[in-house]
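Reader: I am new to reading structures. Can we go through the words used for this one, and what backs them up?

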Amino acid sequence: MTDQPNDAGHDTTRHISLQQQQQVQYWTTRLGVSRNQLLQAIDAVGDSAPQVEAWLKYQRQLVT
């Protein structure tokens, strides 16, 4: 495994890790959210990437 996360090293079945800044940067970029939005999503539904993604999508629909 390399120090740089990439799409090949991540799939949507993974859990989102906040332990390394590189992981946080990967997920915020991939999901198109801020760090605070990512933390809020994880607080709401846990660290499962598919659940976080679904929650964020739902939250975006509420705003529009």
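Predicted model: local features only at pLDDT ≥ 70, side-chain atom pairs only at ≥ 80, totals over all residues.

Reader: How much of the protein chain is buried?

Author: Of the 64 residues, 27% are buried. The accessible surface comes to about 4,600 Å². Carbon and sulfur atoms hold 47% of that surface.

Reader: Which residues of helix H1 are buried?

Author: Helix H1 covers residues 21–31. Its buried residues are Gln-23, Val-24, Tyr-26, Trp-27, Thr-28 and Leu-31. Their cover includes helix H2 (35–45) and helix H3 (49–63). After H1 comes Gly-32, with a positive phi near 70°.

Reader: Why is Trp-27 called buried?

Author: Buried means under 20% relative accessible area. Trp-27 has 2% relative accessibility, so Trp-27 counts as buried. Tyr-26 has 9%, so Tyr-26 is buried by the cut-off too.

Reader: How many aromatic pairs are there in the whole structure?

Author: A search finds one aromatic pair. The partners are Tyr-26 and Trp-27.

Reader: What makes the pair of Tyr-26 and Trp-27 edge-to-face?

Author: Take the distance, then the angle. Ring centres must lie within 6.5 Å to pair. The centres here are 5.0 Å apart. Planes over 60 degrees apart count as edge-to-face. The planes here stand at 85°, so the pair is edge-to-face.

Reader: Why does Thr-28 count as buried?

Author: Thr-28 is part of helix H1. Its relative accessibility is 13%. The cut-off for buried is under 20%, so Thr-28 is buried.

Reader: What does Thr-28 touch, not counting residues up to four places away in sequence?

Author: Thr-28 touches Val-33, Ser-34, Arg-35 and Leu-38. The side chain of Thr-28 also reaches the backbone oxygen of Gln-25, at 3.1 Å. A polar contact needs a pair of N or O atoms within 3.5 Å.

Reader: Where is Ser-48, and why is Ser-48 called buried?

Author: Ser-48 sits in the loop between H2 and H3. Its relative accessible area is 16%. That value is under 20%, so Ser-48 is buried. Leaving aside neighbours within four places in sequence, Ser-48 is in contact with Arg-14 and His-15.

Reader: Why is Lys-57 exposed, while Tyr-58 is partly exposed?

Author: Both lie in helix H3. Lys-57 has 53%, so Lys-57 counts as exposed. Tyr-58 has 46%, so Tyr-58 counts as partly exposed.

Reader: Which residues form a nonpolar patch on the surface?

Author: Tyr-58, Leu-62 and Val-63 form the patch. Together they have about 350 Å² of accessible area. Patch residues need over 30% relative accessible area. Tyr-58 has 46%, so Tyr-58 passes that cut-off.

Reader: How far apart are Lys-57 and Leu-31, in sequence and in space?

Author: Lys-57 and Leu-31 are 26 residues apart in sequence. In space they are 9.4 Å apart, C-alpha to C-alpha.

Reader: What share of contacts with a separation of 6 or more joins residues 24 or more positions apart?

Author: Such residues account for 29% of those contacts in the protein chain.

Key
Residues numbered from 1 in each chain as written. Heavy atoms only, no water. Buried < 20%, exposed > 50% of the residue type's maximum accessible area, 1.4 Å probe, protein only. Helix = DSSP H or I, 4+ residues; strand = E, 2+ residues; numbered from the N terminus. Contact = heavy atoms within 4.5 Å. Polar contact = N/O pair within 3.5 Å; in protein donor to acceptor, adjacent residues only side chain to side chain. Patch = residues over 30% accessible without salt bridge, like charges linked within 9 Å, V, L, I, M, F, W, Y side chains within 5 Å. Areas by Shrake-Rupley, 256 points an atom, 1.4 Å probe, with all protein chains shown as cover. Salt bridge = Lys/Arg side-chain N within 4 Å of Asp/Glu carboxyl O. Phe/Tyr/Trp six-rings, centres within 6.5 Å; stacked < 30°, edge-to-face > 60°.
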